[in-house]
Amino acid sequence: MSPSHQLPKNYDIEEVETRWQSTWRDEENYFDPVSSKPQFIIDTPPPYPTGNFHIGNALNWCYIDFIARYKRMRGYNVMFPQGWDCHGLPTEVKVEETHGITKNDVPREKFREMCRDLTLTNIEKMRATMRRLGFSTDWSHEYITMLPDYYRKTQASFLQMLKAGDIYQSEHPVNFCTRCETAIAFAEVNYAPRTTKLNYFDFDGVEIATTRPELLAACVAVAVHPDDERYRGMKGKRLTVPIFGHDVPIIEDVAVDPEFGSGAVMICTFGDKTDVYWWKQHSLDLRKAIDRQGVMTATAAPYEGMTSEACRKAILADMEESGILKRQEELEQRVGTCWRCKTPIEILSERQWFVRVHRDDIMDAARRVSWTPEHMFTRMENWAESMEWDWCVSRQRIFATPIPVWFCTACGEMVIPAEEDLPIDPTVDKPKAPCPKCGGSEFTGEKDVLDTWMDSSISALHVTGWDGTGKPPYFPAQLRPQGHDIIRTWAFYTILRAKALVGSHPWDEILVNGMVLGEDGFKMSKSRNNIIAPEEIVGQYGADALRQWGAGGAATGSDIMFSWNDVVAASRFQTKLWNIFRFVMGHLEKGADPEAPVTELTDRWLFVRLSETVAEVTAAMEGYQFDRALRAIREFAWNTLADDYIEIAKGRLYTDDSSRDSACSALRTTMDVLCRLLAPIIPHFAEECYHNLAGRSVHAEAWPDFSYTDDEARRHGDLLVKTIAELRRYKHDKGMALNAPLGHVMIYAPEPVDDAGDAGRALNADAHWSTGTPRLEEVVSGVDFNMAVIGPTLRKQARGFMQAVEALPPELLKNPPATVTVDGEEIPVPPASFTPKVAYRVAGEEVDVLTLGDVVVTIGHQP
Ligand SMILES: [Zn+2]
Ligand SMILES: [Zn+2]
């Protein structure tokens, strides 16, 4: 009997994981505000409550949970909060679909209520998945951005930045999605390749090439390069816009590319960012030809009321008819699209609210944060350098934090609430005092609402205890974990806001994770049908297997491909570990003095290896290299513990020898340490084993502080492991069963080795260690012919040649003569035609000899 009788043979994942999940208490993971331990606050990402906690979230949260659990074991007072970033268009759209309405069909507050209800339902679904994955979330620090307690702070932060001059309103060109009918920030514009037509047409005698003919009504100038000879002296002249008939000036600007088309470009308000630049640079007129819905305005009469797409066709047809359209060419271009709905964005000039981007301040703060992986900092830097406009924070939507501002109907004065009156909805609530400028009492509430990033960019302040003023008590947070796809938004904006509101960087460190790709290597998407839901993985292999995949699938920061093979391998590793654990428990149950010292060579050698593993895993966890940590644990458990140690030491466990206690102590300590190393990554499995071993929770234990050095044990143990492996291979090559008796084995090593009889038991041999060298007697016992040489060279004489060689004395077999006599004829001995068979004897006993470096092993043939 070796495996434990008390532990089930099979590890029932579902049973074990759900049992521990219902045993663990939320309170065990709460941040303790009065603790004297050092704080470790994690500014976790608040996901958008879609109702679906997807595998990308799962990876991100695995990393967070590994860290939270590890830091708790390292003695930190950890806060692992859970936020929900609720506001935004996808929920509005879902509500419209579900109720068959549009947002304008019901009062604003009613519409918000519908959005809130949907959001709460979705949050509940996602919470259930998170719990099933075994995350050690601090649910006492949950926040929901749509609820008054949170958006009060968003509004307070808005007012503080407004008062400080960091927020202003202005009529300025902004990126606008005409489908979502809202302004969006640059960070929300994606660029996609598109094939379009470049249209060459006659513009009052000048050839112009354009991809946006529908913007002709918005044309405010024609620009040429100052050095372009073709347009020498044209500067200041005016041209008449075809079809529409208004005059526009010719201007010169070095940014015009003379190589493109005819070298003359039309400037419209606004076709792209360059138009905005020229418009500002040359103080040009503003002609709005497209409205917020993407419909042509009166400026574009006679095309007024058409969609921009219809207008484009109509204008091209009209150009063709009047003979001014000269030719069309295909053109590849990159077009900016809305990140939510992929509609090409328009640049519209609108009154909007902006947050001032103080680029240098933000980068100063970003540099004070430690970035993992380091190269992610470059992404932040590149983004900051590419920012040309301030951050547009107003949105023309409903389900969002209201901008807490009124305007006096009589004099237009902006009126703001006192911060203690927040939160407010200016479209419902009224100011408490008359207009300070004119005494008027009629007000219009600001209808625009805030960009959702205005909510989530104060998460670091919120989790560090911000009440809406001053410096939060726990500021800065220690760590921000997040995906690389939101560096230019969430990371950038959080740093901006922390700098503006508190004057400093929001966290000590940022850890950036990669994206999860489908098994086919592509981004997961419905259209590719390569989406894997966490529930699917957990249902088949359990949370711990998914967590192992998350830890081991890729280096932190790299994109990670989902792989069922990795999940299966993870679950096999657990089966292997369970078998090891049952074996160990079986022996401990038979009785062993738990205080017994570890004295024997193999046991001390295991401790040396365990100590190295603890150092490696600790270093990996400190650097957030979870793949490296898991690899070290797997190598130790699988190779060192199972394949080497247990195979060598197990014979001793079945003896009544006092050296058995040493092995039991070594195994008890090793399992204890191993459970702790595994606790952050596979918390259910580690808990199940540790509870059986120690009778308490592994998650309340300290990280193993196990350090053991023993140079002799390391040297001799390595020798022992190598020798036994070599002798097992010898048995295998001889066709012997691994437990078959091997006879008399002498191991000649440079130093005296005391293996407590482990080698003998492991090999089923009468094994002895000896120093010095064996007195080997070499005996030639026969000859091996090389027929590949003999056959072709000697043909008919081959048989006679072989007889002649066999008749040679042993010395000549070792040093072949030049010729031999075959049928009375001297024939030359072909090189490499034979080798002597050599046998060895020690003290008259015939032995096999193995040489392993400076170790020689002799194996006697008689048992
Ligand atoms: Zn859109
Ligand atoms: Zn007024």
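## Burial and surface

A residue is called buried when its relative accessible area is under 20%, exposed when that area is over 50%, and partly exposed in between (1.4 Å probe, protein chains only). By this rule, 55% of the 863 residues of the chain are buried. The model is predicted: local features need pLDDT of at least 70 and side-chain atom pairs count only at pLDDT 80 or more, while totals for chains, interfaces and linings use all residues. Residues are numbered from 1 along each chain as its sequence is written, and side-chain values use heavy atoms, with hydrogens and water left out.

## Overall form

The chain has 24 helices and 33 strands, taken as DSSP runs (helices H or I, at least four residues; strands E, at least two) numbered from the N terminus. Its radius of gyration, taken over C-alpha atoms, is 39 Å; the globule rule gives 29 Å for 863 residues, so the chain is more spread out than a compact globule. That rule is 2.2 Å times the number of residues to the power 0.38. Along the principal axes, the C-alpha atoms fill a box of roughly 120 × 80 × 45 Å.

## Nonpolar cores

A nonpolar core is a set of buried Ala, Val, Leu, Ile, Met, Phe, Trp, Tyr and Cys residues joined through side-chain atoms within 4.5 Å. The largest one has 138 residues, and Phe-562, Leu-641 and Tyr-645 are among those with the most contacts inside it. Helix α17 (residues 626–653) supplies the largest share of this core, 14 residues.

A second, separate core has 78 residues, including Val-355, Met-380, Val-502 and Trp-507.

Terms used: Chains are lettered from A and ligands numbered from 1 in the order in which they are written.
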